[in-house]
Amino acid sequence: MKIRTGVALLLAIALSACGGGGDASPTPEPPPGPKPPPETGLYVSPQYESTQIALYLDIPYSKRPNEGGVQYSSSLTKSVEIGSAELTLELDVAVPPNATASTPQPAVVWIHGGGFVGGSKEERRDDAMSYARAGYVAATINYRLTPDNQANPAIRVRAIQQATDDAMNAIRFLRANAATYHIDPNRIATIGTSAGGGISLINAIEADTLLGTVSDYSGVSAHVQAAIATGATLGESGIDTNSLFHFDASDSPVLLFHAKETDSVTGATWSGNVLPTQKAIVDAGGSCTVVAQGDMTHTVDLSLGGRWWPQLKPFLWEQLRLGAM
């Protein structure tokens, strides 16, 4: 993908007056903006009890070679997967009662963190449930994890590519099986924390095009309508991101939460990492809204109804077009 720059067009407005010097025509009112989300109701507040949510656990969505025999798909299965020739990637799906064959619902895909070396889909199950109780189909995913992935830049890039490859195939699986889980395939958002936030951001700009990735679902896109991240940016010391990431106006809209000024875990800064990430997206014609967390924080609570829900709610409402549901 290449950034396309155009020549600015000047629109000349001709003003005419009737004989006798009549009053100028009034300036037309601008079209009304989108209505803000309601305070309560479907998609914005809990509507169902946890017991009403149908859970589908440990669903296989992809298989990949275990590179070097040292990888694993989850901290919970690490001991049995190390040394295996192949890894089976799995996800969980929570389906609320409003999701039916005749009324498919928006979906959120939760991506856990852990430095691409640890974590599991189970860590984000409560967060996913908070969305399912409000009427979203909510998924949590596992992806390939690589030990010692910061040994050198090449290993680090490979670990990030493989993890993102898996996340893309998880999204494609959900879209390809939208009828099974009653998902609206045109209303999907990703929410990632830490390394998962990085995956959410990368998928926002390189869905289906990231180097080193292969689709398991021919003709099915990993593009999402909204991408949310906390504790991550698109810049990392020692990695040439210019060769990996290419921005354009078709990239997914991004909502980025980050410490201001400094992330306590990654060391990334607001001025050195967050604002350049936003600028790269916006300069290409995309959308990136940044939200300042406290200084020396890493990730924040992105559950539905949590501390940062007032920032999440209008973003999801607009990008998933929930008012039209």
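Tyr43 and Tyr136 are both buried, meaning under 20% relative accessible area with a 1.4 Å probe, protein chains only. This is a predicted model, in which local features need pLDDT of at least 70, side-chain atom pairs count only at pLDDT 80 or more, and totals for chains, interfaces and linings use all residues. Residues are numbered from 1 along each chain as its sequence is written, and side-chain values use heavy atoms, without hydrogens and water.

**Exercise 1.** Classify the ring pair Tyr43 and Tyr136.

*Solution.* 
- Step 1. Apply the cut-offs: rings of Phe, Tyr and Trp (its six-membered ring) pair if their centres lie within 6.5 Å; planes under 30 degrees apart are stacked, over 60 edge-to-face, the rest tilted.
- Step 2. The centres of Tyr43 and Tyr136 are 5.6 Å apart and the planes stand at 65°, so the pair is edge-to-face.

**Exercise 2.** Classify the pair Tyr131 and Tyr136, then find the cluster.

*Solution.* 
- Step 1. Centres 5.5 Å apart and planes at 70° make Tyr131 and Tyr136 edge-to-face.
- Step 2. Both Tyr131 and Tyr136 are buried.
- Step 3. Ring pairs join Tyr43, Trp110, Tyr131, Tyr136 and Trp309 in a cluster.

**Exercise 3.** Find the charge over the ring of Trp308.

*Solution.* 
- Step 1. The test: NZ of Lys or CZ of Arg within 6 Å of the ring centre and within 35 degrees of the ring normal.

Definitions and conventions:
Buried < 20%, exposed > 50% of the residue type's maximum accessible area, 1.4 Å probe, protein only.
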